[in-house]
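Dear colleague,

Please find the structure we discussed below, with its sequence.

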Amino acid sequence: MELQGCARGAPAHAPRDGPSKPAIPQKNAYARLVQKHHSGRFRSYLNHIAQKLQLEEGTLNDSGSDAEPSLKRGLVREALSKNGVKAPGTLLARALHPGQPEKSERLNEEGLIKRQSRPSEAGKGDYEEDVAEEEDDDVSPNRHGDAAASARAGQVLGGHRTLSTTASFLPKTPSSGERGREEYWRSKCSGSDGPAALERADRSVSAGQFGVDLPAVSSRKASPFSSQMHGAHKQGLARTRNHSESARAPPNVERRRQLSESHTDTMSNSDCRMGQRQLGTPRGGPYTTCLAPGDRKTRSKPTRGRKKVFEAYMSREDVSAGLKRKTLIQGPLRINPKKYHEAFIPSPDSTRDIFIDGVVARNRALNGDIVVVTLLPKDQWKVIKPDGCDNETTETAEGSDPPGSSPGACVLRDPGKGDVNSPDVVIEAQFDDEDVEGKQDGSRETKDQKQLSLGAGENGRDLETCGPRHAKQEDSSKPNDPDQYLQKTAKVVYILEKKHSRAATGFIRLLTDRNSELFKKCAMFSPVDHRVPRAYVALADCPPDFITRPEDYSNTLFICRIVDWREDSNFALGQLAQSLGQAGEIEPETEGILTEYGVDFSDFQPDVLQCLPQSLPWVIPPEEFAKRRDLRQECIFTIDPSTARDLDDALSCKPLPDGNFEVGVHIADVSYFVKEDTALDEIASKRATSVYLVQKVIPMLPKLLCEQLCSLNPMTDRLTFSVIWKLTPQGKILDEWFGRTVICSCAKLSYDHAQSMIENPEKAFAAEEIPTISPRHSVDEVRQAVLNLHQIAKQLREQRFLDGALRLDQLKLSFTLDKESGMPQGCYIYQYRDSNKLVEEFMLLANMAVAHQMHRSFPSKALLRRHPPPQSKMLKDLMDFCSQMGLEIDCSSAKALHESLNKTFGADKYAEARKEVLTNMFSRPMQMAVYFCAGTLENETLFRHYALNVPLYTHFTSPIRRYPDIMVHRLLSASLGDGPAPRMEEADIQQQAEYCNDRKMASKRVQELSADLFFAVFVKECGPLESEAMVMGVLNEAFDVLVLRFGVQKRIYCNALPLVGFQFQKLGKKPQLTLMWEPESLDQDAVQQVITVFTLVEVVLRSDTVPLKYSAVLKRPGGEE
């Protein structure tokens, strides 16, 4: 059993007892570079600070000592010792005097010792000095696991026994970090390269050059901000777009989150050549860039030429040849949203993803771009520890399993950029921002790493390895195949397609160096999404009074579009598009989300509107009745959400004399209005999908079509495409018919109305209890049709799951909004009921029927939808981990997984909560269903839909909101001889299919972000909110919970709690945290609380000071927060 302990306020890395491992011969100068900072001026500075702090502490102890606290301090220390947890004296003092501000000695990421009070939210999101900071390897020995440096730092601390936890998890205030960093620069560089070094490093982008780089920006006659803006909050605030992120990380984690990826590389420039590894290679490898002996003295001296930061792209011809020879690999780039130095592309052999380390290796590609990469030499690949610890970026000597390969792994990818490896219900992974990695520098390996066990994560989709390490006795086992523990590492050499919108929301500020020429010409744009680089923007594009009153705009959101990113610059060049308004307000934030994800929410152009019927009110032309089957006398009705306006499907169910039923699915005939090769068709194909926000819909088609001419409104004749079956009461298909029809819906039912009929089958409904019914039909006729459909749907559903279907339902949050202000008044978890299942079963049946009909007629041009099976490695690892947890889950097939998940949850009132946790975990290995053209895949077994377990599937039932459905309607019409043969070639169909996949993913992500936005506002307006929560995953210093009342996931950090200490251990592979709460009074002992997966806890959701951020606060067992 492995133990890890931590006490609040404890310094970071402890020296380990016993002899160290023999030094490994150095292959490069990295270790020597780090070693230089362990001695000389750097060590003298540490000693100076340590002596100063010891004097302060001695003064404090002399003035505040008394007998009783000393006695209590000894008792608490003894209690902690029995539990394997060490606590420094300052921690015990705080436990005994909760009213006094905590002061403790901390070792920060640069090795500087600092005094700090308890974590404060103030300044967490400050962007003011981010551009003036760098995250430089040579000033950060502890961050990379240098045990020797940790030991020396521990001695400097004055004899305090430190614990083996991760330094960057300890809280610190940004302000103290800035002071320490500035003092460090003065000591180390005599003031020559202070915090403004980053801007000086890029100063060769001269004022004149900047004007040339952005001619449209500099020469613009009118600024987009010609009207002055006042009244903004005078504080610099930053926040991540991911509002459903776990509970607020400690300030140092949040601070590092704000360091732009470009800053990591800035110091490699000629003007400020700090020791800097090349980010395209594993740290410490042969590619590492390091200082020559004389570089430290000449760092501030300008050089003649400007050193390139990025490699030039390969030529198109060389790329094509390399792809043909398979010496180059292409794929969609996914950047970790929390650790933006990490990126990945899928491996062609469907094994571990290919790792791309750092912004230099990404070579200016952004998230979602289709890139071409070349593999680094094999000795530069990332080595994966067979025991499954989860270092994020270790080099070739030893390391971690890649994301998704350790026991209990969860690989989550960004759904916003065309990733094909995401579940239909998106869950974005959460990451702590700690950068812990072992170094191949002759020192002992870092033992204590961040560990995520059994599904600690949030929705989307970048990678996090989660899994406990094997027991110590297993560590010495030798792998049979060493290659299975290697992860291919590559660098980007070409961008095939820029799928990222190159637009971002963020904040602007003046540059730090007011004496530079660049200061007079441009400002710095800091994006909210840290995967996007910071960018210089022309001051001419900024608001007119920005230079004189920059504080007025510190909380104002702007949209910036990246127009260039040169090889020799760490920062991109951007063009401010517009000001959105105040951060944290619903409409500006919504517009920012839509812009970032490339959603077209502009008004439809006149040429598009000219394609619509001009004579209104429109009536069906008489000739159409001759071409269609007239169903206007039939009892046909719609069942939709109560707020729906685009009604694109209707149902009918007529009893037949032989005891069977004639069941029809009737879909709006949108293709009648949207003709191929028209302006309307072009805009529909570009938008590809409607986007559903909490407060509104961004439609794919003009409202005249969406809400009127195509919408199947009651008591109105409408054109439809129908699939009609003859079904037995058990749901067996006896006959099938496809064709164009005319219907007249007799009622618009909501899901609530249909559910009420299902739950009260004998009730005689009064007229006021249901919507208006057409005079041609009675309430009882509609009620009976709903009941018949329900009975058949139950049979269809039962048979579908017997045949091997899988369903992984995820919680969905819905809101009630104030009619006047649009602000959220309440929220609730949407209930998926029998009325929803009724509609779903018949829509699935229609989609499958149309897929077969279309594929029979056009086997090479059919537009189908496939769902690949889950990633087998991830699934197996998750199964193994569940087995260790006592959960036997069979993942051999979709059917086996469905059955396992539905019998594993128990019979108590929390069975549903456990089901939600497990469903969340098993949704992560699932790949995304995608559209494709049948002719592009030779192997028809790849056509299958894994979750539905059917050979052919497509989308036919929602043409008002999905462009692929319009394409399917055209193909179906051609297959029936009712329309022209398809004009598009296979390649064109495939290209449109891939584009629709991208837009569908973006739409899904936008929808989630909209819900996150409204929930964050709801917490602010209506909080604090209390709820039970269930633990989903356990780290060594934090744990993730599912908040049961609202279905949101949050991370709770141990060092943000009023704890005396905490202890992490693994029982086999089962992770466990033991929290020791501070005594509420001097005569009480510390209260213990054990945290493991499925543990129930009480949490309070509180709004943070940063806009759109909220935290989950763990309540003391049996008490208050």
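This is a predicted model: local features need pLDDT of at least 70, side-chain atom pairs count only at pLDDT 80 or more; totals for chains, interfaces and linings use all residues.

Aromatic rings. The count of aromatic pairs comes to 14. One of them joins Phe546 and Tyr553: the ring centres are 6.2 Å apart and the planes stand at 65°, so this pair is edge-to-face, the term used for angles over 60 degrees. Phe546 and Tyr553 are both buried. Tyr672 and Phe673 also make an edge-to-face pair, with 5.0 Å from centre to centre and 85° between the planes. Tyr672 and Phe673 are each buried. Elsewhere, a single aromatic cluster is formed by Phe1015, Phe1018, Phe1046 and Tyr1110.

Charges over rings. Lys382 is placed over the face of Phe355, 4.5 Å from the ring centre. In the case of Lys812, the charged end sits over the ring of Tyr830, at 5.5 Å from the centre of that ring.

Strands S33 and S34. Strand S33 (residues 1038–1043) runs antiparallel to S34, and six bridges join the two. Ala1038 is found opposite Tyr1053 of S34. Four residues lie between the strands of this hairpin, in which Gly1047 adopts a positive phi near 75°. In S34 (residues 1048–1053), six of the six residues are buried. In a regular strand, side chains alternate between the two faces of the sheet. In S34, Val1048, Lys1050 and Ile1052 point one way, while Gln1049, Arg1051 and Tyr1053 point the other way; all are buried.

With kind regards

Key. Residues are numbered from 1 along each chain as its sequence is written. Side-chain values use heavy atoms; hydrogens and water are left out. Rings of Phe, Tyr and Trp (its six-membered ring) pair if their centres lie within 6.5 Å; planes under 30 degrees apart count as stacked, over 60 as edge-to-face and the rest as tilted. Buried means under 20% relative accessible area, exposed over 50%, partly exposed in between (1.4 Å probe, protein chains only). A charge sits over a ring if NZ of Lys or CZ of Arg is within 6 Å of the ring centre and within 35 degrees of the ring normal. Two strands pair if DSSP finds at least two bridges between them.
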